[in-house]
Amino acid sequence: VDPATGEHDSVTRLENVEDGHDVDALGDGEYVTVDKGDDRNRVVVYNESRDEIVWQYRFEQHTDRFPHYGGGPHGKDWTHVNDVDVIRDGVFMVSIRNFDQVVAIDRESKEILWTLGEDDNYDILNEQHNPDYIEGENGTANVLVADSINDRVVEYARVDGEWKQTWVLAGGGLNEPRDADRLPNGNTLVTDRRGH
């Protein structure tokens with residue numbers, strides 16, 4: 001979209017994606033998006049020039065990590081996968097809201113490289129939205145996330161293979177925040193859904 005005029009510069013329709021919640025451009029006409037549609041529950045890479053999905057991670061094929069008894073109602077909005085970000089070449093960070101988890105997925109192997117959170121462990125995350133990956137000093141992995149149902153924004157750092165909470169914004173009337181972005185000056189911009 002041209003920001004000056006509001007006109008569409010181009011439109012790409014992903015006909016095979018039922019309910020996309022987020023998208024990132026990968027370059028060379030490829031896009032990664034999430035598809036939380038009924039019976040889809042997946043992350044996909046769409047190639048514009050080929051007009052097809054060229055890669056997908058279907059949570060249904062990984063029930064050892066994401067069992068049917070977890071998350072939401074199976075067959076419907078089971079995972080509520082709601083965000084995907086490229087955190088480095090070939091690695092996607094994905095928010096799986098109904099499992100209270102943020103994971104890093106290797107595109108080539110489809111392995112989960114790390115997991116932040118645990119299904120129904122609300123001390124860590126509770127139906128989160130829109131995590132952002134921030135590389136800290138010395139390459140430390142930091143994740144800033146709108147921890148929606150816990151009514152807070154929280155940041156975790158991965159230290160020696162474990163997640164440590166390093167910052168939290170809670171109280172002050174926060175009511176189901178949906179997004180938090182770290183600004184260049186160090187402040188954090190928050191969208192608070194029910195707090196208006």
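A charge is taken to sit over a ring if NZ of Lys or CZ of Arg is within 6 Å of the ring centre and within 35 degrees of the ring normal.

**View 1. Arg-182 over the face of Trp-167.** Arg-182 lies 5.2 Å from the ring centre of Trp-167. The model is predicted, with local features needing pLDDT of at least 70, side-chain atom pairs counting only at pLDDT 80 or more, and totals for chains, interfaces and linings using all residues. Residues are numbered from 1 along each chain as its sequence is written, and side-chain values use heavy atoms, with hydrogens and water left out.

**View 2. The aromatic pair Phe-66 and Phe-99.** Rings of Phe, Tyr and Trp (its six-membered ring) pair if their centres lie within 6.5 Å; planes under 30 degrees apart are stacked, over 60 edge-to-face and the rest tilted. The search of the whole structure finds 6 aromatic pairs. The centres of Phe-66 and Phe-99 are 5.5 Å apart and the planes are at 80°, so this pair is edge-to-face. Phe-66 lies in the loop between strand E4 (52-58) and strand E5 (81-88), and Phe-99 in the loop between strand E6 (91-96) and strand E7 (101-106), so the pair ties together parts 33 residues apart in sequence. Strands (E, at least two residues) are DSSP runs, numbered from the N terminus. Phe-66, at 0% relative accessibility, counts as buried (under 20% relative accessible area, 1.4 Å probe, protein chains only).

**View 3. The aromatic pair Trp-78 and Phe-99.** Phe-99 counts as buried at 1% relative accessibility. Trp-78 and Phe-99 are edge-to-face, 5.8 Å centre to centre with 80° between the planes. Trp-78, in the loop between E4 and E5, is 21 residues from Phe-99.

**View 4. The ring cluster.** Tyr-57, Phe-59, Phe-66, Trp-78 and Phe-99 are linked into a cluster by ring pairs.

Key:
Helix = DSSP H or I, 4+ residues; strand = E, 2+ residues; numbered from the N terminus. Buried < 20%, exposed > 50% of the residue type's maximum accessible area, 1.4 Å probe, protein only.
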